[in-house]
Structures are given as C-alpha cells and as structure tokens.
Amino acid sequence: MRSALFCALMFAADMLAAGPAAAWLLYPDRDNPRHMVVEIEKATGDLVAFRSLPPPYNNVVQSVQGPERFTFRWRYGKDGEGSAFMRVDEDGQGTIQFDFTAREKLGDRRFGAAAVLVADDGTPLHTFYARADLADGSFGRGELHHRVSLDVERAPAWWRKVGAISFFSMTYYPLQKLDDEGVWRAMRQAVGNFSKGQGTEQRG
C-alpha cells in the first residue's frame with residue numbers, strides 16, 4: 001500500500017488504527033514535477049502526523065508552498081490506483097480531491113476512500129468520504145477515471161488544531177448485495193472503527 005499526502009493511504013474494510021507514520025520519501029511528482037509527493041509506507045488507517053514530515057509539509061496550511069499541494073497516492077490491489085490532493089490556504093479554505101483510476105475494464109464494484117483530519121490530541125475533527133462506482137466495467141460512459149472534489153471552510157484557528165491525517169480505502173462487490181445507502185453505511189462503519197463517530201463529515 002503506497003500513500004502520499006496529503007499523499008493518500010487507502011483503506012480496507014477491516015483496518016486498525018496504529019501509531020504515527022515515520023517512514024517517508026519526498027520526491028517530485030512524475031506527472032507534475034512542480035508538485036512534491038510524500039510517500040508513506042504504512043498500512044491503511046495508520047495515523048500520519050504532520051510533525052513527522054519535513055518542512056514545509058509539517059503544517060496543514062501551506063503558505064510556504066504557494067500553489068503547490070500535498071499529494072497522496074495509493075493502490076488498490078490489481079484493480080487500480082488512486083491519488084488524493086489536499087490544499088488549505090491561510091484564509092481557512094480547504095479542498096481535497098480524490099482520483100480513482102482502474103487499470104482496465106472491470107466487473108461491477110464500488111471503490112471507497114476516506115480521509116480523517118485529526119487534532120494533535122488524537123481527536124477526529126472531520127472526515128471526507130469519496131466513492132467511485134464501476135458499472136459495466138467503467139465509471140460511466142466508458143471512463144476508467146473518476147474524480148471527487150470536496151471543499152471545506154473553517155476558521156484558521158480550527159485548522160491550527162489539525163495535527164494529523166489518516167486515509168482509508170474500501171472495495172465492495174456485487175455479492176455483498178449493498179444498495180447505494182448500504183455502501184455509504186459500510187464506509188462509515190469502517191472508518192468509524194477509527195473515528196468513533198467524532199467530528200463532522202461530508203461525502204461526495
């Protein structure tokens with residue numbers, strides 16, 4: 001499981017929260033060398049403390065990087081890979097973007113991703129949920145790529161409380177017989193093992 005953050009760690013349905021990530025690599029994004037990637041070799045659901053990253057990536061608010069953003073990458077088995085980008089400006093406007101990419105046309109299934117912002121004291125503050133549903137082998141109209149973008153605005157003082165982030169990913173198959181709301185409930189339940197229902201939520 002690879003991740004970059006804001007590099008994203010992905011989740012399986014059965015994840016356990018662990019300690020802060022310590023091992024990371026910093027390098028230019030091969031798709032956009034102006035952006036840097038922090039790759040974290042940790043299991044899904046592990047906590048990534050910003051203080052464990054090198055400056056200026058050790059702060060959720062990115063004034064030093066200007067237009068650059070944290071970037072997370074992940075893979076979900078042989079099926080595909082994804083990435084998540086996050087940007088928070090000094091006015092408190094935050095944006096997170098989840099990209100899902102299938103390697104080839106696959107059977108029907110639903111991919112889920114979530115990111116939990118966590119305070120320095122370990123309290124979950126906010127959870128982002130994103131979904132990408134494959135039908136007839138694609139995300140719609142033959143596309144093998146799907147993007148979900150979510151915005152959140154908070155006071156700068158709120159963002160100063162954010163000290164860590166945890167990423168999760170899930171895959172659901174037709175044999176599980178989950179309807180649309182059933183998938184969302186399953187995603188919330190999986191992340192709930194970590195967040196304990198604390199903080200605010202949004203989904204897209």
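**Exercise 1.** State how many aromatic pairs a search of the whole structure finds, and classify the pair of Phe 98 and Phe 167.

*Solution.* The search of the whole structure gives four aromatic pairs. Rings of Phe, Tyr and Trp (its six-membered ring) pair if their centres lie within 6.5 Å; planes under 30 degrees apart are stacked, over 60 edge-to-face, and the rest tilted. For Phe 98 and Phe 167 the ring centres are 6.5 Å apart and the planes stand at 65°, so this pair is edge-to-face. Phe 98 belongs to strand β6 (residues 93–102) and Phe 167 to strand β10 (residues 162–172), so the pair ties together parts 69 residues apart in sequence. Strands are DSSP runs (E, at least two residues), numbered from the N terminus. Both Phe 98 and Phe 167 are buried (under 20% relative accessible area; exposed is over 50%, partly exposed in between; 1.4 Å probe, protein chains only).

The model is predicted: local features need pLDDT of at least 70, side-chain atom pairs count only at pLDDT 80 or more, and totals for chains, interfaces and linings use all residues. Residues are numbered from 1 along each chain as its sequence is written, and side-chain values use heavy atoms, with hydrogens and water left out.

**Exercise 2.** Describe the surroundings of Gln 93.

*Solution.* Gln 93 lies in strand β6. Its relative accessibility is 28%, so Gln 93 counts as partly exposed. Leaving out residues up to four places away in sequence, Gln 93 touches Arg 87, Val 88, Asp 151, Val 152 and Glu 153 (contact means heavy atoms within 4.5 Å). Gln 93 and Glu 153 are 60 residues apart along the chain, and their C-alpha atoms are separated by 4.5 Å.

Key:
Helices (H or I, at least four residues) and strands (E, at least two) are DSSP runs, numbered from the N terminus.
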